[in-house]
Amino acid sequence: MQDILELEPPKADGRVKYGPDPLNFADVRWPSTKKPWPMVMNIHGGFWRAAYDLTHAGHLCAALTKAGMATFNIEYRRVGDPGGSWPGTFEDIRNAYAYLQQNASSMGCDPAKIAVMGHSAGGHLAVCLAGHEQTATRVVSLAGVLDLRKAYELHLSSNAVVEFLGGTPEQMPDHYKEASPFELPVQAKQVVIAGSKDNVVPPDFSSRYAAEKKKRGETVEFVDIQDAGHFDVIDPRTKVFQIVLEQTRRLLS
């Protein structure tokens, strides 16, 4: 099976600007079902680097839209872009979410049924958003980088987190405290999904996160998908995706 990163995704129904930067835009897809629709704001991964964009996430969003959910697949400034990295990257995420909240009704969506979803580094950004925005009440992490100190300890993707946060935990302690979901209180309902054969972001980033957050009284469901790899969770051609779809539907019900 061809890698999802190499496939040309279905075209979006439209593109909207949510902020002033050229990278502040989102691809929107509309279901054919009756309004108002539930909405998924999707944040793509790529270890926060400009080398990876929203294109590959189009497959995921098209499949979710086919299943009856409007999707808002966002682009944002990343490491290597002017203004990218922390906190500029996260400012874009917050602005995209604010735009969606303000315009959900006029876009035909139910403002009470918005979920924020992210894959890999996008999973980190999705849960981080819920840690800073109490109005973000539903969040789905797909193979998320949910513990940034651990990401540093393991030197994931050649110390991508150091590039993103501007230094090590010793050099930038406030950044790690503000940015790491593992350290943030999150009031949202959280679904944390990981594949047991993920060799990009170890699955225990998700399992340890869920176990620790449950101890703190947070509402977290951990979904361990056996024999799934890092990109299987965003590939609609896999059986794994049906689990992602069911979990997202349930969260929005």
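Tutor: Helices (H or I, at least four residues) and strands (E, at least two) are DSSP runs, numbered from the N terminus. This is a predicted model, where local features need pLDDT of at least 70, side-chain atom pairs count only at pLDDT 80 or more, and totals for chains, interfaces and linings use all residues. Residues are numbered from 1 along each chain as its sequence is written, and side-chain values use heavy atoms, with hydrogens and water left out.

Student: OK, what do the buried residues of α2 pack against?

Tutor: They pack against β1 (14-17), β3 (37-43), β4 (70-74), β5 (109-119), α3 (121-132) and α5 (156-165). Among those buried residues are Phe-90, Ile-93, Tyr-97 and Leu-100.

Student: And at what angle do α2 and α3 pack?

Tutor: About 70°, with the axes 10 Å apart. That makes α2 roughly perpendicular to α3 (65 to 115 degrees counts as roughly perpendicular, under 35 as roughly parallel, over 145 as roughly antiparallel, the rest as oblique). Axes here are lines fitted to C-alpha atoms, for helices over the stretch in contact, and angles run from 0 to 180 degrees between N-to-C directions.

Student: Which residues make that contact?

Tutor: From α2 you have Thr-89, Phe-90, Ile-93, Arg-94 and Tyr-97, and from α3 Leu-125, Cys-128, Leu-129 and His-132.

Student: Switching to the sheet, what's the strand order?

Tutor: β1-β2-β4-β3-β5-β6-β7-β8, an open sheet of eight strands with mixed pairing. Two strands pair if DSSP finds at least two bridges between them. β1 and β8 (220-225) are at the edges with a single partner strand each, so one side of each has no neighbour in the sheet.

Student: In what sense do β6 and β7 pair?

Tutor: Parallel, over five bridges, with β6 spanning residues 138-142 and β7 residues 189-195. Val-140 has Val-191 in β7 as its bridge partner.

Student: Which strands does α7 lie across?

Tutor: Helix α7 (residues 204-215) lies across β7 and β8, running at about 155° to β8.

Student: Last one: where does Phe-231 lie?

Tutor: In the loop between β8 and α8 (239-252). Phe-231 is partly exposed, at 28% relative accessible area. Setting aside neighbours within four places in sequence, Phe-231 is in contact with Ile-4, Leu-5 and His-119.

How values were computed: Buried means under 20% relative accessible area, exposed over 50%, partly exposed in between (1.4 Å probe, protein chains only). Contact means heavy atoms within 4.5 Å.
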